[in-house]
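Q: Could you walk me through a few local features of this model? I'd like the cut-offs as we go.

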Amino acid sequence: MAYPMNQKFTAFSSIFALVLIFLFQVPHSSGQFSSSIIPDSNFTTLHSPVNGNITIRFKSPPAGTCTTAFQTQKQYTGYVSLPPFTLAPIQQNYSINTFFWFIEARTESSTAPLTIYINGGPGSSSMVGLFQENGPCQVVEIAQDKLGTKPNDWGWDRSTNILYVDQPNQVGFSYDTPTNGSMNLFTSITTEPPSDVPSGQPDYTYLNGTFSSNSGNSTANTTEIAAHAVWHMLQGFLGAFPQYNPGRYSNSSKPGAVGVNLFAESYGGKYGPAFATLWEQQNLLRKNGSIPSNKTLEIRLSSLGIMQGCVDDLVQGRFYPIFANNNTYGIQALSLTDQQAVASSFLSANGCQQLIESCRNAVTAQDPQNEGDVASVNQICANAQNTCNNEVFGPYYSSGRDVYDITQNMPDPFPPSTYLEYLNNADVQAAIGVAVNYTQTNAAVANAFLQTGDYERGDYIGEMAHLLSLGVRIALVYGDRDYICNWFGGEAVSFSIAAQAAGYSPFYTAGYADIVVNTTYIGGAVRQYGNLSFSRIYDAGHLIPAYQPETAFTVFTRIIMGNDISLGEAADLSTYTSNGTANATETRKAPEQLDPTCWVRNIENTCTNDQKVMLQQGQGVIVNGELYDEASDWKPPPSSVSVMAGYPGTYPTSTTTTGPAPTEKGSSPSTTSAVLTGVFTATSTPSPTPSKGAASSDKAVNAGWALLGCMLAMGGACVT
């Protein structure tokens, strides 16, 4: 999908939030404040077995709030609340109230795997994943001024119990202290206390609501601190819901240990390995008695999935100008001259690479716990991050193309922002029991991470190599249209992991095999050896499941099942090697440009200048959060939608769907869209292969670039 950064390069320099760098909050109408902090008899409150001061407060949303494939699927929404100083010795003099949304698997939920899904940012809500990517439901129009939800054919609840977590503190529905204020939708700025609409501004663009404090001092400012908060959150959640702990299943290979799958997106390239590493550290502390083993749970990772991850700029940084100039879509967003200038800047004295190395040396010497509390280290690392942003990533912005989908110009309306309106509806908020209005990205959190230079601090490649040695499956999944965490850099990360992991040298010579999604479609290419895999997904931007829902689900499920990703067959991963071409050089044809669609809760990123003027002058008509020139321009949805869509308290009469929604750009052809369970296992590669040739571009990518990541990792010892 495409989430343009606010004010293009200016904001990119100041806030590097990878998935959603804009702020959309507030209620549907002026004066609406959240009242869900008032005790509700529908809530259950429990105390954590880890710390009696930690509470878990949850409820079951009414049917139809997020319409699932089967009404029998249980859901829980709520908060795990950590009082001040829970994270000691980490400085934490504020409350942490982490919001979660859990959905049971469609079948056999009592024995299904458990997957935790987190979006990136830093500061981006995981409701993006739930409602725009891989969740069980999608927001749709039911009628004029009425939204609802319908089942998502390819939601990941199809094969797993799944937990979405809004983190760090203040992200999404999470909060420190509920604070009433006003949000200006033109600027995405929140002010407290609430105030009147500025003179001459339409009232529907200046809304009152309840938010977190938006204080950068009341949230995590490094990935490491965020990891500690999430560990406590999971201890609380699993203590409240032991029935979803795979370690308690009768078929568990490690009785008592919580075997989970962690999938993280974008900035999740840092969150994922850091969180998993902390879990292993906490397991060791349990084992040696440093923390009580009878009051805590052993959390062990089965799979770590990195979706479009920005992991390490020392490896990925040099691929930004390469991808911008010479990619598999034949789009030249940077000229060759500009590409060479950016590449030179990356390697220059006091350039991006050198400053990252200085940052990491300072962290090792002065802030080894990555707590972000040493001012001199923060300054060195923030300087490195700003330099990389301005000199390496930033030049792309002059192209006018979307950083999340190189094939589209700005503004790019995909995927639709309709869900922003839905989650800020009073009935929906009451149904899920939230204390604040919805915030898609929190700028205070993004700025807190920026101030410590967190983006450049960690050696997450080494952490993933260590996780491989523990038997964890490491899967890197990248859409081939994204610039900001592009697949060239992702492939280089996979080679670097293999270089640091004992016994993984055969990964370099493993071939790229087709990812067979169904009987007619090849959705990408995968290199896989043992527990390490790298998948390139065709025709997908940053939010892969939004573009290719069936392919994303298929790859995800094969990963957590421990199967070969190409065909989905059972495999002995201790010896498995994919077979195919040495490089993933398939070229594709760019899709048509989409017409802009202006959402009032996403003005800066979806509205053209003319549409912004219309809003400023009070012109046009707003229907379901979308701007139209005239009332007659809005068209009611087909009558069939009313029987497929639910609303809080109302479950639809039918949940049988017929394939991807029309707004799902570039979705893979589906042969099984009416079947709401199961994953496809291939017996052969489709012939003829529609994905080959039907989408070739005029300009082929230089195959030499595809090998560069391996050459950098192996000092030139790579197969050609």
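Q: Which residue in strand 10 does methionine 183 stand opposite?
A: Methionine 183 stands opposite threonine 190 in strand 10, where strands (E, at least two residues) and helices (H or I, at least four) are DSSP runs numbered from the N terminus. This is a predicted model, in which local features need pLDDT of at least 70 and side-chain atom pairs count only at pLDDT 80 or more, while totals for chains, interfaces and linings use all residues. Residues are numbered from 1 along each chain as its sequence is written, and side-chain values use heavy atoms, with hydrogens and water left out.

Q: How many bridges join strand 9 and strand 10?
A: Strand 9 (residues 179–184) and strand 10 pair in the antiparallel sense over three bridges; pairing requires that DSSP finds at least two bridges between two strands.

Q: And what's the strand order in the sheet?
A: The order is 10-9-11 in an open sheet of three strands with antiparallel pairing. Strand 10 (189–191) and strand 11 (206–211) each have a single partner strand, so one side of each is left without a neighbour in the sheet.

Q: Switching to helices, at what angle do helix 8 and helix 9 pack?
A: Helix 8 (residues 352–366) and helix 9 (residues 375–393) pack at about 160°, with their axes 9 Å apart; axes are lines fitted to C-alpha atoms, for helices over the stretch in contact, and angles run from 0 to 180 degrees between N-to-C directions. Helix 8 and helix 9 are therefore roughly antiparallel, a label for angles over 145 degrees.

Note on methods. Angles under 35 degrees count as roughly parallel, over 145 as roughly antiparallel, 65 to 115 as roughly perpendicular and the rest as oblique.
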